[in-house]
Structures are given as structure tokens and as C-alpha cells.
Amino acid sequence: MAVTTRQALVRNFCIIAHIDHGKSTLADRLLERTGSISQREMQDQVLDTMDLERERGITIKLQAVRMTYPARDGQTYELNLIDTPGHVDFAYEVSRSLAACEGAVLVVDAAQGIEAQTLANLYQAVEAGLTIVPVVNKIDLDAAQPELVAEEIADVTGIPREQVIFASAKLGKGTDEILEAVVNRVPPPRGDPSKPLRALIFDSHYDTYRGVITYVRVVDGEILPRARIRMMNTGKVHEVDEVGWFAPRPRPADRLTAGEVGYVTAAIKNVVDARVGDTITTAEHGATAPLPGYRRVKPMVFAGLFPTDSDQFADLKEALEKLQLNDGALSFEPENSAALGFGFRCGFLGLLHLEIVQERLEREFELELITTAPTVEYEVKLKRGGVVEVDNPALLPDPTAIDSVSEPFVKLSIIIPSTYVGPMMELCQDRRGQFKHLEHRPGDRVVLEYEIPLGEIIHDFYDQLKSRSKGYASMDYEMLGFREGELVKVDILVAGEPVDALSVITHRSKAQAQGRRLAEKLKAIIPRQLYEVPIQAAIGGKVVARETIPAMRKDVLAKCYGGDVTRKRKLLEKQKEGKRRMKRVGSVEIPQEAFMAVLKLD
């Protein structure tokens, strides 16, 4: 199959790296060098467009940009760059970018060396059959050891040491070498413009004026404005309004042909019609077989999202649908809670993902939310046969009907300097981890491998990991499957009423201590009422811990000075009776912080 000249000058590549190794800064330099962006528009991390990304200094969304580069061989190449996130929670964003590329620039920090997420993203890229261009970044740092890191890269990837490029994105060193390497090493896209159209949707977002804007990678054929297109998954037909590419602002074009990356708008009003991973083809004489899409990402962590004002339920639903369009890993279904009313049970990839989604809902859609403590999904085997999946502790069947409960286990790899091996092993053992493997790497670093329940990782494990290793540790995990364990549900009763949103499922050995800590924590958080409020933790029907919030008391004896004791007793009895009556009818309002208390028990 002949590659057209047009296509021979196209290169599609992405940048992959661990968090904070300088992906977005490198992308800035490439944009500057190719003149895609004027000095006036230039700002640091120009591709991180969301306020949240700029505040936290992390990349959350992938971004696509087209650059033109006059190479040393006299040809002018069209480079499509996709900037990707580095955090473990956004690994699915990376897999989506990889499907749209032929090459990947692997960025490694010269001071930190190869970290857990670098490896995870690298393996994904190799699996997807991409050409790897290794770059050692931040060589200007005092602590940089570029030679050592280059050896390490050569060791892990098998790429010859000579092909590793040294660069400093901050100072702009090595930018030309990277661009030349992309042009020379990354193969041009293979696709046939004369075949029926097939384009892969790798991202999309919702625009209030133009409907859904889909980001596509055209594999075969071409897309023209006014053409009628069909989504192969849903079978819906739309008419294209505009096609174009990003530079980094959207620029309309007259067509997108095979091998190119760009965007398509087609007045798609319903967010469900433009699913990420779907194939676009023409309505008449279209392609017969869709492109291989993405594996559906399975959410790992579940939490309830409830509007503080129950009138906002419909707004929350609409907001979640629009967000899901842009964030393929988010899943949600309606649920209701006795304590919090109507809301949604949402599935996330990890705690950072949960935090980001919550913040985006509050900012972009101006909602006020209460989030319940995150849990994982459990498999419950019933005595009468059959297995149910439970992602909400409140829905765990009656203990008498349960045969066994299984929890998800993950394979956890931690990369740390050798001095911190002791504290790390202690942390993993505390969290019921099973030691599997320890390996020494060049540069005085150690790789630890554990098998550990996912439920133990999602609660402040990452914070502990960072604080015990003074910030040097990096971790990555992958699912292993479900394993049986002795798991019980701890219920919390406030003033004798169970609060379903505060229930937790935990291992029997830890249940009593966890119940006690939770009761103590709630005592500090729930405000005092006019009558005393008992807080109890119960396993099944057995109460294992109790704390009492004392009542606020008005001093009814203030006006008595001297006088008979019976008069004082009468006033005290009257007050006591009032408190008793209030206790019968009063209800305790539980503040938002209480639902998050479950997270930080250590």
C-alpha cells in the first residue's frame, strides 16, 4: 500500500512520563521552536488549559496540538503532538492518546531516574507498538545524573544508549534533537485516503454553543464539512459542520485526511452519541468493520455524590453526563440514602480522580456536593447460591445470608531509595500486604512488590507513602482479582439511628479499633446539641465502641442565690424533662466533614 506524499510528512506522537518529569514544559518548548505559538500567547504549561491543572501543576486531560517543523532534510513536516497526564489515576487518558499515535517521547527526570509510572506508561506504549524516543530531561539540575539515567533507560527499554537524547526543557536545550528524532525515527501513519472513512474518537468535550466537539484520529478516508457521518457504535447519523485542527486554539480546515489528528463538530446535542473509542464513518457506503476501540476502564473506587440541596438532583445528573463525555472512566448510577436523600453512586479510578471530578463539578457546574467516603467493590457469595457485587457498605446483605465476602487485590510496585525500605515494608505489612519480591536497581534504588487489598490503598496510603519516604517513593498498581477474606461491616449509630453513609466494610482484625477511632473522630466533628447524643459503632448487633456528645446546658440556677435546695432541684428536674422530650423528637444534622472522617483515621 503506497503512502501518499502528504502522509509521508505527517508524524503523530505523544509525550509520556511520570508526574513532574517535565512533559508539559517540554511541550511548551516544542511549540515555541516550531513557531506554533507567538511569544505574546506564551505562558508556562500552555497546554494545561483547565484552571485546576494550572493550580495543582498537574496534567489531567490529554491535549492535541498540530505543529509544522522545517526539518534539516529540507522537508516541512506536520507534527501532531498529544500531551498526556502522568498520574496513575489518569492512566486511561494515556492509553487513549497512545491509540492515536505512532511514536512516543519518553521523558525521564535526570535527578529522579525511572519511576513507577514511567514504566507503566512505557509498557503501554510498547504494547501499542509505538516507536519510543527516550529523552533525559532536567540535565541543568545540580542533582542530575544524566549518564546513569541514560544507562537505566537503555537497560529497561533495550534502546541503544547512543539514541538517548539529553535535554533541559526549562532552558530549551535539546529541543531540535528531539524534533529531528521524531521526524527520523517515528514512522508516518499508514492509512488509505481513498478507502471508506474510518476515524477513531479519542476524546470529546461539550461546548454550549456548538454541541459535542469530538477529537478524532483519521485512519482511512477523509472527512469534509457538510458530509453525513455515522457513529458505528450507536448508528446515529449527523451532518458535519466544521472540521479542523488545534494550534493550540481550534483552527477550521477544509478537510481531514487519513493519518491526521483534528476535531469534528456536527451539532451533536446528546452527549451519549459521541462515545470515546467509537468509530466515525460516512453514512452512505461507509466502512463495515469498526476500529478496535479502547478497553472499558473498570472503576476501582466508588463514592456517593449527593447535592446539598435536593432540588439540584437534575442539574447534578446533567453535569455528570457532560463530564463523562470528557472523562471516559467516570461511571455513575442513581442511589438514595436515608441520611442524604437522592444522589449518585459514582465509580472512579482512584482518589485523585475522585477529588478532581468533585472539584470540576463544583467549579464548572456550580454545584454544592456532599461526598461519602470512598469504598471498593466487594463480591459477596450468598448461602442460597449466587454472587452479588456490592460497592456500597449500606447494601451489604444480612450477615446470616452471607457465605463469604471477597475483596479486590492489587499488585503494588513501589520504587524507593534503599534507605527507606524499612518504613515502606512496615507500611505495607500494616495494610495487610503480602511481600512478593525485592529487587535492587542501579542508582541505589529498590523495587518492592506486594500483593495488597485495594481497600487498604485508597485510604490515605499515598500520603503515608510520600511522608514516610520524604517524597521519594513512587507507586503503581494493577488489578489481580478478588480474594476471600474475613470482612465485616461496621455500622455507626448516631442517637440510636444508623447512618447508612458512614458504614464501612473492613477486616475483622481491624474492625473494633476502626469503630472506636471513628466514634472518637465523630465526637469531635458533630456539633453539640441541646440534649446528649450517643455515638455507637456496631458490628452486626454488637456495639463495640461508644462516645457521648454532652448536651449544651443553660445555667438554670443562675438566679438562685441561697434559698431552699428543693427550689433548685425543681428547676433542674424541669430542665431534665425538657431535654428528655427533645431527645425523643430531635434529629442530629451531620456535617460534611463527618463523611470524610472515615478516610483519615490514622
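Colleague: Is Asn137 buried or exposed?

Modeller: This is a predicted model, in which local features need pLDDT of at least 70, side-chain atom pairs count only at pLDDT 80 or more, and totals for chains, interfaces and linings use all residues. Residues are numbered from 1 along each chain as its sequence is written, and side-chain values use heavy atoms, with hydrogens and water left out. Buried means under 20% relative accessible area, exposed over 50%, and partly exposed in between (1.4 Å probe, protein chains only). Asn137 has a relative accessible area of 2%, so this residue is buried.

Colleague: Which strand holds Asn137?

Modeller: Strands are DSSP runs of E with at least two residues, and helices are runs of H or I with at least four, numbered from the N terminus. Contact means heavy atoms within 4.5 Å; leaving out residues up to four places away in sequence, Asn137 touches several residues, including His21, Val107 and Ser168. Asn137 itself lies in residues 131-137, which form strand β5.

Colleague: How many salt bridges does a search of the whole structure find?

Modeller: Side chains of opposite charge can pair when their charged atoms come close. A salt bridge here is a side-chain nitrogen of Lys or Arg within 4 Å of a carboxyl oxygen of Asp or Glu. Searching the whole structure gives a count of 19.

Colleague: How many residues apart in sequence are the parts that Arg66 and Glu260 tie together?

Modeller: The side chains of Arg66 and Glu260 form a salt bridge, 3.3 Å from N to O. Arg66 sits in strand β2 (residues 63-70) and Glu260 in the loop between β14 (256-257) and β15 (261-265), so the parts they tie together are separated in sequence by 194 residues.

Colleague: Which residues are joined into one network with Lys510?

Modeller: Lys510 and Glu456 meet in a salt bridge of 3.2 Å, N to O. Lys510 lies in helix α13 (residues 508-525) and Glu456 in helix α11 (residues 454-457), so the pair ties together parts 54 residues apart in sequence. Through salt bridges that share partners, Lys510 is joined into one network with Glu407, Arg432 and Glu456.
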